[in-house]
Amino acid sequence: MGYAEVSVNSPVAQRRTFSYAISPGLSIDVGQAVWVPFGDKLLQGVVLQLTDYPAVEETKEIAGVIEPHPVLSPSQILLARWISEHYLSPLFDAVALMLPPGFERKVVTFISAPLTPPKQDTSSLTQKQRHVLELVWRRGKVTLKGLERVLGTRQARLITSQLVNQGLVVKSYELERVKVKPKKVPYLRLAVKASQARHEATRLRERRAIKQAGLLEFLSKASQPLPLAEVRKSVNCSASVVAAVVSKGLVELQQVEVRREPISYQGITPSYPLTLTAAQKAALESIQSSLFWMAKGEASPSVFLLHGVTGSGKTEVYLQALAEAVKLGKRGIVLVPEIALTPQTIERFASRFPHKVAVLHSKLSLGEQFDEWQRIKNGEFDVVIGSRSAIFAPQPDLGLIVIDEEHEWTYKQDTSPRYHARDVAIKLAELTGAVVILGSATPDVETFYRAQMGNYQLLELPERVTPSEGSPLPQVEVVDLREELKAGNRSLFSRSLTQAMAKAVAGGEQVILFLNRRGGATFVQCRNCGFVLRCKRCEVTLTQHFAEDVLVCHQCNYRMSIPQICPRCLSRRIKFLGIGTEKLEQEAGYTFPQARLLRWDRDVTRGRYSHEEILAKFRAHDADVLIGTQMVAKGLDLPLVTLVGVVSADTGLNLPDFRAGERTFQLLSQVAGRAGRGTLGGQVIIQTYSPEHYAIQTAAKHDYASFYDREIAYRRQLRNPPFTRLACLTYSHANDALCQREAERMKRLLVEEINSRGIADLSLVGPAPAFIHKLRGRFRWQLILRGSEPSALLSQIPIPQGWMIDIDPLGLV
Ligand code: ADP
Ligand code: ZN
Ligand code: ZN
């Protein structure tokens, strides 16, 4: 008899697997999803290993198979084990990352007749037992749920288990089916003959119904029904124009079922490889040679860092490297920081690999996601594009992984398993024999350090690809806001920015204003007693939002109406302080009444408009000024933008986080990269109270090398990553004092462990209240463990209930 080591979907399983026996009739593969008895329950599990001997003496048997084919590949199994060990997460949490969407669906229990009819005597059965038996035999298969509805839960379970014990019926388990709704799309066709339609069009023209006439003429030339959206785009008409010709009986609207394509290829024309610049060519050749030797199995996996400013042609290198991988019979995965913000990038991939690109995003229904997963697994796509979780796509023959904007923080997951997609990608490449390209204009200093040390190969694209000589990097001016105050200017806009904006708008050019805070006033204070309104559950200040006229907690989304009087002293002198994007929009409206404004932040996109709509509007020059949070900094190519104003560079600079300087440098460089993408040239104005700060100074000069030198020196001096690794341990509880005591107890425990094991290079910081001390009603205390391998120690000791561990944490939590 064979045995299987199974990762079980139970919180008590933690990082362990469990041994189960495989009954002789069952054929089980590694990576297969199975049902296993666990305590008194039946749970889902995934087979990670087959063995000849069980790890424990007493084993139960695997109860059944969930899917006939393995759901995880052998390298995915190794990856799941690595994630669980490295990030100290429950093993099944790591396994679950790679399961098909909707896998954790409801179990349906079936009762059916045995394959060979049992010979035993059934005369001793009770009437109810016989009743159930006859029903099952007659139907062949019924659900336990169905029996429960007829007999009541207890009776149904009792009787079926009696019949199962006697071998008269058998139990099996299946997953509820995912329902994939067919996608229907409205189509338009003429309801009359083409000649009549043309005749009607002439009459409509006479009556000045020009749009309706145009629509009819367009359709009269079509030989078959056309998608409504396409028709509306082509003749540029509104829904009411369509409704008018439909109501006249001239045109018919019909719903046509279409095969869902992950990308709408409508309007995307195929593109071909560009002739590379010398720098691009050198970069591609290094990657090509690595791909070639990897495919032959004669090289060890390599990681490339492709460092180049925005517009230096990184994406073109990704595209040609992917084409090379495909030529060698391999496929790729491309990670982007946020799928909704990169429609242009996706279009470029889709046009280079028509119908061979899968896009994974959360807007798809569960059924559609499942469908897509299955198609990827079947090998239907050369390239899979998605945000961080796309690294777990079942892409076969993986040869190349691209991580665009590798420095972005969205690659780190903030729930268990707290993995970083870049580190997972590098591990996966090592396991599958793939090449990794990390691309960025402002690489994470940890990544750049590894490239300097020779762990990664550094490829540089030092200049923008300029079709004409027109677009070098933009000029950056740093404005000292203290000087503005001295000169009596208390507005949000410095004199420089005001002038530049007025000039750009008057000249028919476009402007981006960047401010990394949402909302109106960012805190509300009583002028009489100084009381500041805070969220009762999180203790952070509440932000005013104009649209709904409420105060909102940006941590937990708690909302309250804006008080007319101070809750503490009853004074009416309530003051609104601090600025967010809503307030900025309002102020810009007063200062530049002639400019058409458009705001782009999470509040807008959550509501009526999508990212695409806002971008399309701005690109069509329906607005002069785009006001937004870091979304405006993403990889957009907007040729009419000649001016970018950073309203306050200080928002992130003063946070108590060793990465504050790096974060500011990255954001400023990215925002600055938005200006001057066209032939009109560009200018950037950064407003700040700390103009001498190295992050601002170096960003203004587009000088990554100087920034890196300063930053890495600080990191070395303070023993921060990449010179150490961190683990952040957080304990939360409704009682602050208890929380602190537990943190101190944990510290003593860790110190004891460190001393008794004699680990010299591990140190502890804290305990201290977390940056957000109170979150959703719970207080939080933290300990930071710093050293060469903190997870090695933590994995050895039992971590008490209530502790949350984050390995390689990012940012303040
Ligand atoms: P990045 O990804 O570094 O921002 P892109 O690959 O998007 O840079 O290139 C910037 C612009 O230059 C794009 O419009 C792209 O089509 C164009 N481009 C890139 N490489 C070349 C090339 N070798 N020849 C001509 N144009 C190029
Ligand atoms: Zn007050
Ligand atoms: Zn809150």
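# Close-up views of a predicted model

**View 1. Ligand 1 and its polar contacts.** An oxygen atom of ligand 1 sits 2.7 Å from a polar backbone atom of Gly311. Such a polar contact is a pair of N or O atoms within 3.5 Å; within protein, one must be able to donate a hydrogen and the other to accept it, and residues adjacent in sequence count only if both atoms are side-chain atoms. At Thr275, a backbone N or O atom lies 2.7 Å from a nitrogen atom of the ligand. In total, 15 residues surround ligand 1, each with a heavy atom within 4 Å of it. The closest are Thr275, Gln280, Gly311, Thr315 and Arg348.

This is a predicted model, in which local features need pLDDT of at least 70, side-chain atom pairs count only at pLDDT 80 or more, and totals for chains, interfaces and linings use all residues. Residues are numbered from 1 along each chain as its sequence is written, chains are lettered from A and ligands numbered from 1 in the order in which they are written, and side-chain values use heavy atoms, with hydrogens and water left out.

**View 2. Arg464 in its loop.** Arg464 belongs to the loop between β19 (457-461) and β20 (475-480). Strands are DSSP runs of E, at least two residues long, and helices are runs of H or I, at least four, numbered from the N terminus. The Arg464 side chain reaches the backbone oxygen of Thr310 at 3.1 Å. Arg464 has a relative accessible area of 10%, so this residue is buried. Buried means under 20%, exposed over 50%, and partly exposed in between (1.4 Å probe, protein chains only).

**View 3. The zinc ion (ligand 2).** Four protein donors hold SG atoms 2.3 to 2.4 Å from the zinc ion: Cys526, Cys529, Cys566 and Cys569. Donors are N, O and S atoms within 2.8 Å of the metal (3.2 Å for Na, K and Ca). Their spacing in sequence is C-x2-C-x36-C-x2-C. The angles between the four donor atoms run from 105 to 112°, so the arrangement is tetrahedral; that label requires all angles between 85 and 135 degrees. Cys526 is buried at 2% relative accessible area, and Cys566 is buried at 1%. Cys529, at 28%, is partly exposed.

**View 4. The buried side of helix α7.** Helix α7 spans residues 210-220. Its buried residues are Gln212, Ala213, Leu215, Leu216, Leu219 and Ser220. They cover an arc of only 160° around the axis, so they lie on the same side of α7. The arc is taken from the directions from the helix axis to the C-beta atoms.

Note on methods. Tetrahedral: all angles 85-135°; square planar, octahedral: opposite > 155°, others 65-115°.
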